[in-house]
Amino acid sequence: MKKFNVGVIGATGMVGQRFLLLLENHPWFNVVCLAASSSSAGKRYADAIKLWHMDEPMPEKFKNINVLDATADKEEIAKTVDFCFCAVNMPKEQIRELEYAYARLECPIVSNNSAHRFTDDVPMIIPEVNAEHLSVIESQKIRLGTKRGFIAVKSNCSLQSYVPLLHPLKKFGIKYAAVTTYQAISGAGKTFETMPEIWDNVIPYIGGEEEKSENEPLKIWGEVYGGRIVHAQSPVITAQCLRVPVSDGHTAACFVSFDKKPTKKQILSAWKSFSGEPQKLKLPSAPQQFIHYFTEDDRPQPKLDRLCERGMAVCAGRLREDNLFDYKFIGFSHNTLRGAAGGAVLLAELLAVKGYFD
């Protein structure tokens with residue numbers, strides 16, 4: 001695989017910082033450009049960072065890079081890179097226009113943002129689940145009038161804790177699913193130092209999160225038809241989302257009913273045998289075993305399991321029959337690795353292998 005020159009837009013934020021750790025020694029992607037808001041522009045990256053959120057130290061190779069203005073310098077950025085990752089903290093409409101602007105400058109965007117998740121011709125990808133949706137990019141490029149510029153997005157971070165576990169079970173006909181997610185503070189871009197209100201507390205509301213949790217899976221499970229992604233009509237999903245005092249890792253308590261109830265053995269077999277395009281293609285960031293099932297009653301746990309397969313696996317446990325639904329289980333994923341920056345890097349690897357950056 002050839003090397004690609006890469007930019008990170010929103011490089012100073014928590015997800016941007018995670019991107020740089022993941023890309024520091026990436027075999028395919030060479031970071032040549034860092035961009036952020038006008039308040040950071042013109043500074044050395046090390047000087048632009050108000051707070052380094054990661055446990056690992058800031059990579060030396062990025063400290064002296066001059067930060068560009070993501071809006072004012074977009075023409076310069078687009079000429080410098082083969083594509084950009086985007087993880088900016090801006091109003092949704094401004095993000096939408098910014099990502100369109102880069103795409104129209106023939107700079108592909110791999111986005112961690114939610115602004116385009118429900119744009120009909122923008123694929124929203126969990127690489128192991130719906131890689132076939134990348135085909136809609138050709139229709140998007142026609143609409144935008146571009147030759148190589150496009151936008152591809154990853155789904156909401158909390159979905160990674162349960163959608164990959166439901167997906168291999170769709171062959172049994174999922175009728176209903178209920179999920180409660182217990183979401184880490186890093187999902188809000190916070191640490192314990194910057195979110196003191198979470199100490200000894202649970203906050204039973206995350207703005208917009210329940211709507212995303214109920215609706216985004218239907219786009220992921222939809223199909224490309226007539227140049228757009230047509231959402232699936234089922235299953236019906238209901239969700240509650242809570243912020244909990246955990247640094248990294250989203251946990252999901254999931255309940256599911258089927259048209260044709262499988263045995264517990266069939267569910268475990270479906271999880272164990274499931275793999276997707278990243279595993280077949282042996283992408284650099286792909287977990288070897290996508291779904292890990294724990295037989296212990298007290299697993300998975302964020303503190304013990306968040307770095308399973310470098311944080312890129314999805315974990316499950318406590319599968320058992322339920323009195324109201326057919327089954328219930330616990331799901332878990334690392335929200336800033338599998339759920340955010342790591343998922344976007346894996347998506348970019350898939351796009352690279354499929355030739356979308358050529």
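V256 stands opposite Y327 in strand β15, where strands (E, at least two residues) and helices (H or I, at least four) are DSSP runs numbered from the N terminus. Strand β15 belongs to an open sheet of six strands, and a further open sheet has seven strands. The model is predicted: local features need pLDDT of at least 70, side-chain atom pairs count only at pLDDT 80 or more, and totals for chains, interfaces and linings use all residues. Residues are numbered from 1 along each chain as its sequence is written, and side-chain values use heavy atoms, with hydrogens and water left out.

**Six-stranded sheet**

- The strand order is β11-β8-β12-β15-β14-β13, with mixed pairing; two strands pair if DSSP finds at least two bridges between them.
- At the edges are β11 (236-243) and β13 (291-294), each of which pairs on one side only.
- Neighbouring strands are turned against each other by 20° on average, direction ignored.
- Helix α9 (residues 264-273) packs on this sheet and touches β13, β14 (314-321) and β15, contact being heavy atoms within 4.5 Å.
- The direction of α9 makes about 175° with that of β14; axes are lines fitted to C-alpha atoms, for helices over the stretch in contact, and angles run from 0 to 180 degrees between N-to-C directions.

**Strand β15 and its partners**

- Strand β12 (residues 250-258) runs antiparallel to β15 (residues 327-333), and seven bridges join the two.
- In this pairing, H250 stands opposite S333 of β15.
- β14 is also antiparallel to β15, with five bridges between them.
- E321 has Y327 in β15 as its bridge partner.
- A hairpin is formed by β14 and β15, with five residues between them.
- Six of the seven residues of β15 are buried, so this strand is largely enclosed by the rest of the structure; buried means under 20% relative accessible area, exposed over 50%, and partly exposed in between (1.4 Å probe, protein chains only).

**Seven-stranded sheet**

- The order here is β3-β2-β1-β4-β5-β7-β6, and the pairing is parallel.
- Its edge strands are β3 (68-69) and β6 (124-125), each pairing on one side only.
- Strand β1 (residues 4-9) pairs with β2 (residues 29-36) in the parallel sense over six bridges, and with β4 in the parallel sense over four bridges.
- G7 stands opposite C33 in β2 and opposite C84 in β4.
- β4 also pairs with β5 (residues 109-111) in the parallel sense, over three bridges, and there C84 stands opposite I109.
- Along β4 (residues 83-86), F83 and F85 point one way while C84 and C86 point the other way, and all are buried.

**Helix α6**

- In α6 (residues 137-144), the residues I137, Q140, K141 and L144 are buried.
- Seen down the helix axis, the buried residues of α6 fall within an arc of 100°, so they line one face of the helix; the arc is that of the directions from the helix axis to the C-beta atoms.
- An α-helix has 3.6 residues a turn, so residues three or four places apart point the same way.
- The cover over these buried residues includes α5 (92-104), β7 (151-154) and α12 (337-353).

- E216 is in helix α8 (residues 209-220) and counts as buried at 1% relative accessibility.
- Not counting residues up to four places away in sequence, E216 touches R117, F118, M124, S155, N156, L159 and E211.
- H167 is in the loop between α7 (163-166) and β8 (174-183).
- The side chains of H167 and W221 are joined by a polar contact of 3.0 Å, defined as a pair of N or O atoms within 3.5 Å; within protein, one must be able to donate a hydrogen and the other to accept it, and residues adjacent in sequence count only if both atoms are side-chain atoms.
- Leaving aside neighbours within four places in sequence, H167 is in contact with V129, W221 and F274.

**Cysteines**

- The whole structure has zero disulfides, a disulfide being a pair of cysteine sulfur atoms within 2.5 Å.
- For C157, the closest cysteine sulfur is that of C241 at 9.5 Å, too far for a bond.
- C254 is in no disulfide, and its nearest cysteine sulfur, in C241, is 12 Å away.
- C157 counts as buried at 13% relative accessibility, and C254 counts as buried at 1%.
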